[in-house]
2 protein chains.
Amino acid sequence: MGRDKDAGHAPLREIALALRKERERAGLSLTELAKRAEVAKSTLSQLESGNGNPNIETIWALSVALDVPFSRLVDPPRPRVQVIRAGEGPRIGSSQAHYTATVLSSCPPHARRDIYTLNAEPGAARASDPHMPGTVEHVILAAGRALVGLSDDPVELAPGDYCAYPGDRPHVFEALDAGTVAVLVSEHV
Amino acid sequence: MGRDKDAGHAPLREIALALRKERERAGLSLTELAKRAEVAKSTLSQLESGNGNPNIETIWALSVALDVPFSRLVDPPRPRVQVIRAGEGPRIGSSQAHYTATVLSSCPPHARRDIYTLNAEPGAARASDPHMPGTVEHVILAAGRALVGLSDDPVELAPGDYCAYPGDRPHVFEALDAGTVAVLVSEHV
DNA sequence: GAGGCGCGTTCGTCAAATCGAACATTGGTG
DNA sequence: CACCAATGTTCGATTTGACGAACGCGCCTC
């Protein structure tokens, strides 16, 4: 949840949409979900229609019944390809010389991030089938060059470049130089 | 949020504790926080005492005022130095040639991991004061050489090497070569 | 020590969210 | 066609959380 903008108020509408989306994804009827979560279906109906300001127990019960993380309902997931070129991005001011840190990605709530290193040689693009919905992959190129990102629109990365993309869609990692090395962080909520 | 155990109900108690903890961390009085979040302090008082079942708008307002992610309140939340040299570590078998992936760290539940790149030059060791308890930092060296780890027992890393260490103890990052680049993943539970 | 100001708690009132039942609607079935 | 079993919606009654004022407490100032 971005502390960033829209600090204003009311994610009511987002909750309504997320609720309906997750319910349909789970293949449950409104009645069925209400029964499992032990909330009145009238309550659920009003929630999904945007009217409502549910209390914690209600939302909790729904998230449990839907088997989704709580934050999935209140925190909108928005996948997108993002690239930060080497030397770009928000720097962290350091009082100590000869040192700069750049924030590449702040971890969303409840995400799990596994860390990998990749060593790849040119010639064979590695196309990955989509992973779990909500998966996001982060790649920081350490050496060489590579085509990275969504299969239908990959991005060329040079050393130091950063790229994030939704892992639940077809994506590739294709080395362009020999001895290409990258750090891969796989984030699944 | 673990669909895991205790799928039962009511994270009321956890919310109460998290709320109080976050408020104290922010150095705010109950009255002050209530004023900023524009909720009655009586409401906040009851919430922190465990009685209560707040609605979304209330929690939202509080999380905004506390400047913490929403889920930090509803799903409230370990250290050792580990080194994996370039080329070592468990490989992930790939059916496709010219490609290897190495698991460096699997994300523990409920951890948040922020990703940074570091650019450092020799001459000035960057000593960090301890962060929040439970913080773990992961460093993958991309270029150059560096002394990394706990201040009293740093490790020298070469390109491709990986090192993890508790971030809640004094630690350093000291470049040994010019143009040293690293990826830093900061994990806080 | 009287007054003021901050803290966090408690209490009565009111608005609002939850509930359960009744409702209109659709689709399948004998 | 009548019937039943689903769907999601609307409506009144009741519960309940948010509110604001009052309270007890500790601290500092005059």
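**Helix α1(A) and its cover**

I looked up what covers the buried residues of α1 in chain A, and the cover includes α2, α3, α4 (56-66) and α5 (70-74) of chain A, together with α4 (56-66) of chain B. I took helices (H or I, at least four residues) and strands (E, at least two) as DSSP runs, numbered from the N terminus. Two residues are in contact if their C-beta atoms, placed from the backbone, lie within 7 Å.

The model is predicted: local features need pLDDT of at least 70, side-chain atom pairs count only at pLDDT 80 or more, and totals for chains, interfaces and linings use all residues. Residues are numbered from 1 along each chain as its sequence is written, while chains are lettered from A and ligands numbered from 1 in the order in which they are written.

Which residues of α1(A) are buried? I noted Ile15(A), Ala18(A), Leu19(A) and Arg23(A). A residue is buried if 20 or more other C-beta atoms lie within 10 Å of its own, exposed if 12 or fewer, and partly exposed in between, with C-beta atoms placed from the backbone. The arc is that of the directions from the helix axis to the C-beta atoms. An α-helix has 3.6 residues a turn, so residues three or four places apart point the same way. On the other side of α1(A), I found Arg13(A), Glu24(A) and Arg25(A) exposed.

I also checked the length of α1(A), residues 12-25. Its 14 residues should span 20 Å at 1.5 Å a residue, and its end C-alpha atoms are 20 Å apart, which agrees. The expected span is 1.5 Å times one less than the number of residues. After α1(A) comes Gly27(A), with a positive phi near 70 degrees.

**Helix α2(B)**

In α2(B), I found Leu33(B), Ala34(B) and Ala37(B) buried. They cover an arc of only 100 degrees around the axis, so they are on the same side of α2(B). Their cover includes α1 (12-25), α3 and α4 of chain B.

I counted a residue as near a strand if its C-beta atom, placed from the backbone, lies within 6 Å of it. DNA strand C has 21 residues around it, and those that come nearest are Ser42(A), Ser29(B), Leu30(B), Thr31(B) and Ser42(B). Two or more residues each come from α3 (41-48) of chain A and from α2 (30-37) and α3 (41-48) of chain B. α3(B) gives the most, with five residues.

What classes make up the surface near DNA strand C? I noted four nonpolar, 14 polar and three charged residues. Ala, Val, Leu, Ile, Met, Phe, Trp, Tyr, Cys and Pro count as nonpolar, Asp, Glu, Lys and Arg as charged, and the others, Gly among them, as polar.

Around DNA strand D there are 20 residues, the closest being Ser29(A), Leu30(A), Thr31(A), Ser42(A) and Ser42(B). Here α3(A) gives the largest share, five residues.

**Cores**

The largest nonpolar core has 46 residues, and Ala142(A), Ala182(A), Ala142(B) and Ala182(B) have the most contacts inside it. Such a core is a set of buried Ala, Val, Leu, Ile, Met, Phe, Trp, Tyr and Cys residues joined through C-beta atoms within 7 Å. A second, separate core of 39 residues includes Leu33(A), Phe70(A), Leu44(B) and Leu66(B).
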